[in-house]
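Here's a quick briefing to read with the structure open beside you.

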Amino acid sequence: METLLEVRNVVKYFPIYAGGVLIRKYLMCQAVDDISFSVGRGECFGIAGESGSGKTTLAKVILLMEKATSGSILFEGKNILEFNKPDIMWYHSRVQTIFQDAASSLDPRMRIREIVGEPLEVQHNSNQLSQRAVRARAEEILCSVGLGSACLNRYPHELSGGQKQRVAIARAIILEPSLVVLDEPVSALDVSIRAQILNLLADIQEEHGLTYIIIAHDLAMLRHITTHIAVMYLGKIVELGNTDEVFDNPLHPYTKALFAAVPRPEPDRVKKASAISGEIGNPTCPPGGCRFHPRCSDATPDCQQVIPTLREVRPGHQVACYAETKAVGNTSSKTASSV
């Protein structure tokens, strides 16, 4: 499969200043620390993890809303971190985003036709598209997301939550982008509306050949819609792979605990892992070694010293866990010796 987006060793640190006028302390908030992954064209890539794990910061770096401290991000083979202003304009026409709270992302002073048509006016200003052409395209896109022409002259406050999210989707796809980044796209919606929006997103992806990166806490939703998933903890990816493989055979203790915490309608089901204890660590002073070891019941002294790296332990399944990779290595050695 053709690679559309490749993230290589991306780091994003935020400087923090503290102290008085004469004596000042300088700290670094390690929001994203050495992240690498790739997204194929047409895939739906999910990012899961607790609040504070760095998911949204990573998305902002990909969208060029935040400047990466180091690393590179290749989009269609071009390093976007080296783009100049015209290149950034082109990139923003190819990559769009859908925010968690559609209500706050829509200008309350603009009509729906203006909101949806604005990307066309900004990106194609040199072509001097007529207002009639912009309006016709906006109406066409709104119909494709399940909203009729009657919504064109309405304001955002006149729409329901589900309708506002449909407007946000229409605005994101009107430029026919290659990649759409979705940050908690259904968490602010009623349960009865979520399935409709998820099905709509799946239909749009198939119709337009889009690639999605979805950030979410809802693990059931991620399993339903994504093809690949990355699990983040305190700025690092701890597990990465095919969605079905990761959900059916989670390897990292953090991933196991996340999945075990999801309630299931099975009264006699015995949990395979206990709920996560404690709080997520401080990104300004993360633990040494594995960042999850203070909360891990299986941690060993080596976990406090060795920084685990992502290693493929099964085809298409990577995990950053010292104990797990060591166990797999021992198993492989035994198998080789027996042969």
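What is the handedness of the crossing of α5 and α6? The crossing of α5 and α6 is right-handed. Keep in mind that this is a predicted model.

**Helices packed around α6**

- Let's stay with that pair: helix α5 (residues 131-144) packs against α6 at an angle of about 125°, and their axes are 9 Å apart.
- α5 and α6 are therefore oblique to each other.
- On the α5 side the contact uses Ile141, Leu142 and Ser144, and on the α6 side Val167, Ala170 and Ile173.
- Sorted by class, the contact of α5 with α6 has five nonpolar residues, one polar and no charged ones.
- Helix α4 (residues 112-123) also packs on α6, at an angle of about 30° and with the axes 7 Å apart.
- Angles under 35 degrees count as roughly parallel, so α4 is roughly parallel to α6.
- The contact draws on Ile112, Ile115, Val116 and Pro119 of α4, which meet Val167, Ala170 and Arg171 of α6.
- By class, the contact of α4 with α6 has six nonpolar residues, no polar ones and one charged.
- α4 passes α6 in a right-handed crossing.

**α6 against α7**

- Helix α6 (residues 161-173) and α7 have axes that come within 11 Å and cross at roughly 15°.
- α6 and α7 are therefore roughly parallel to each other.
- From α6, the contact takes in Gly162, Gln165, Arg166, Ile169 and Ile173.
- Facing them in α7 are Ile193, Gln196, Ile197, Leu200, Leu201, Ile204 and His208.
- The contact of α6 with α7 splits into seven nonpolar, four polar and one charged residue.
- α6 passes α7 in a right-handed crossing.

**The sheet**

- Eight strands form an open sheet with mixed pairing, in the order β6-β7-β8-β3-β9-β10-β12-β11.
- β6 (95-98) and β11 (311-314) sit at the edges with a single partner strand each, so one side of each has no neighbour in the sheet.
- On average, neighbouring strands of this sheet are turned by 20° against each other, direction ignored.
- β10 (residues 236-242) and β12 (residues 317-319) run antiparallel and are joined by three bridges.
- Within that pairing, Leu240 has Gln318 of β12 as its bridge partner.
- β11 and β12 also pair in the antiparallel sense, over three bridges.
- Arg314 has His317 in β12 as its bridge partner.
- The hairpin of β11 and β12 has two residues between the strands, and Gly316 takes a positive phi near 75° there.

**Helices on the sheet**

- Helix α7 (residues 191-208) lies across β3 (44-48), β6, β7 (179-183) and β8 (211-215), and runs at about 155° to β8.
- Helix α10 (residues 253-260) packs on the sheet too, where it touches β9 (228-233) and β10.
- The direction of α10 makes about 105° with that of β9.

**A look at Lys236**

- Lys236 lies in strand β10.
- The side chain of Lys236 reaches the backbone oxygen of Asp33 at 3.5 Å.
- Setting aside neighbours within four places in sequence, Lys236 is in contact with Asp33, Asp34, Ile35, Val231 and Arg291.

Conventions: Residues numbered from 1 in each chain as written. Predicted model: local features only at pLDDT ≥ 70, side-chain atom pairs only at ≥ 80, totals over all residues. Heavy atoms only, no water. Pairing = 2+ DSSP bridges. Helix = DSSP H or I, 4+ residues; strand = E, 2+ residues; numbered from the N terminus. Axes fitted to C-alpha atoms, helices over the stretch in contact; angles between N-to-C directions. Contact = heavy atoms within 4.5 Å. Parallel < 35°, antiparallel > 145°, perpendicular 65-115°, else oblique. Left-handed = near helix turned anticlockwise from the far one by under 90°. Nonpolar A, V, L, I, M, F, W, Y, C, P; charged D, E, K, R; others polar. Polar contact = N/O pair within 3.5 Å; in protein donor to acceptor, adjacent residues only side chain to side chain.
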